[in-house]
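Here is a short briefing to read alongside the structure.

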Amino acid sequence: MEKLKFGFYWAASCGGCEIAVLDVDEKILEILKIADVVFWPVAMDVKYRDVEAMADGYMDVCFFNGGIRNSEQEHLAKLLRKKAKYMVAFGACAQLGGVPGLANLSNRKDIFERVYHTTESTDNKAGTEPQVKHTLPEGSSEIPVFQESVRPLDQVIPVDYYLPGCPPPPKLIFNAIDAIAKGQLPPKGSILAPELAVCDECPRKKEEKKVAHIKRIIDFTPEPEKCLLEQGLVCMGPATRGGCDAKCLGANMPCTGCGGACPGAIEQGSAMISALSTVLGLADEKAEEYDVDAVVAQLKDPVGTFYKYALPASIIGRRVKK
Ligand code: SF4
Ligand code: SF4
């Protein structure tokens, strides 16, 4: 049987997704029996001109991690889309924009102002900023254009499948590759993860308790067997797609939402606000003493909490400055 051809690419992301490919451990040997890697800039010497020379549809699958932040990433996304039969948005940044997508709370001008002029460690008396084109006697150079917003991959090119997570769990990666090899992929547009929420995989005990205060994980050590939401922590489990075996809960840390919106939710942040509203309050007859504004004020960084990975893919998408 002819081997499949895989490509991997890394755009606006931390690089953890590249390492996650190796987290499948010895199963990598099974993968290499069925597939050759023909493009993987982080691991092999390959040039963009090599991709340009490929026939359209030459690669069977391209696993693309990272969102689109600059013109080079946009160019490669469009090029790889042509060269791959299936395009997989690999990880939270490609699927949703990810943590780098929180930069959509700002814009290009303000980011440059902060980074090149006003950080405490900046010494830039000449006020220099990166120039896209630069000419010296020795020759000219060009760097990618930094764009106004971070975009998830499907806002730039059509995406066939999504592998969620920050990074995607090895089990989901291997299952996806197995489905590709056996020709058993679900319909295009599917998220290659189970149809359940993190709460469904979480072994912690839920008592349907009300909580009167929102706390942060730095404030206390939570009890290891009880639901974190019911201990006052904003655990994104009710609003987040599972498939990770509730990994963070096993480490006594709340889910921060890297799996994206749970099945059935229009978007993750609003689903979590709704879930949180059902647990906040006083359990007894003193309910009229409950000061909802004071409790909501205890929530530090609401956007970073509810949209840590998904701001660019959310209904809001970005901050709009008038
Ligand atoms: S809210 Fe968090 S701690 Fe509670 S059951 Fe869901 S995932 Fe587990
Ligand atoms: S528990 Fe939440 S944040 Fe942790 S790996 Fe799972 S989906 Fe991601």
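Predicted model: local features only at pLDDT ≥ 70, side-chain atom pairs only at ≥ 80, totals over all residues.

**Domains**
- The protein chain is divided into domain 1, made of residues 4-99 + 151-182, and domain 2, residues 198-306.
- Their C-alpha centres are 32 Å apart.
- Where the two touch, domain 1 supplies 8 residues and domain 2 supplies 6 residues.
- On the domain 1 side of this contact, helix 5 (residues 92-96) gives the most, with 3 residues.
- That side of domain 1 has 6 nonpolar and 2 polar residues, and no charged residues.

**Helix 4**
- Helix 4 (residues 71-83) has 13 residues, which at 1.5 Å a residue should span 18 Å; the end C-alpha atoms are 18 Å apart, so the two values agree.
- Which residues of helix 4 are buried? They are Gln73, Leu76, Ala77, Leu80 and Lys83.
- These residues lie on the same side of helix 4, because they cover an arc of only 130° around the axis.
- An α-helix has 3.6 residues a turn, so residues three or four places apart point the same way.
- The packing partners of the buried residues of helix 4 are strand 1 (4-10), helix 3 (48-52), strand 3 (59-65), strand 4 (68-70) and strand 5 (84-90).

**Around ligand 2**
- There are 13 residues around ligand 2, and Cys244, Cys248, Cys255, Cys258 and Gly259 come nearest.
- Helix 9 (residues 247-250) provides the largest share of this shell, 3 residues.
- By class, the shell around ligand 2 has 7 nonpolar, 5 polar and 1 charged residues.

How values were computed:
Residues numbered from 1 in each chain as written. Chains lettered and ligands numbered in written order. Near = placed C-beta within 6 Å. Helix = DSSP H or I, 4+ residues; strand = E, 2+ residues; numbered from the N terminus. Nonpolar A, V, L, I, M, F, W, Y, C, P; charged D, E, K, R; others polar. Expected span 1.5 Å × (residues − 1). Buried ≥ 20, exposed ≤ 12 C-beta atoms within 10 Å, placed from the backbone. Arc of directions from axis to C-beta. Contact = placed C-beta atoms within 7 Å. Domains from an automatic or database assignment.
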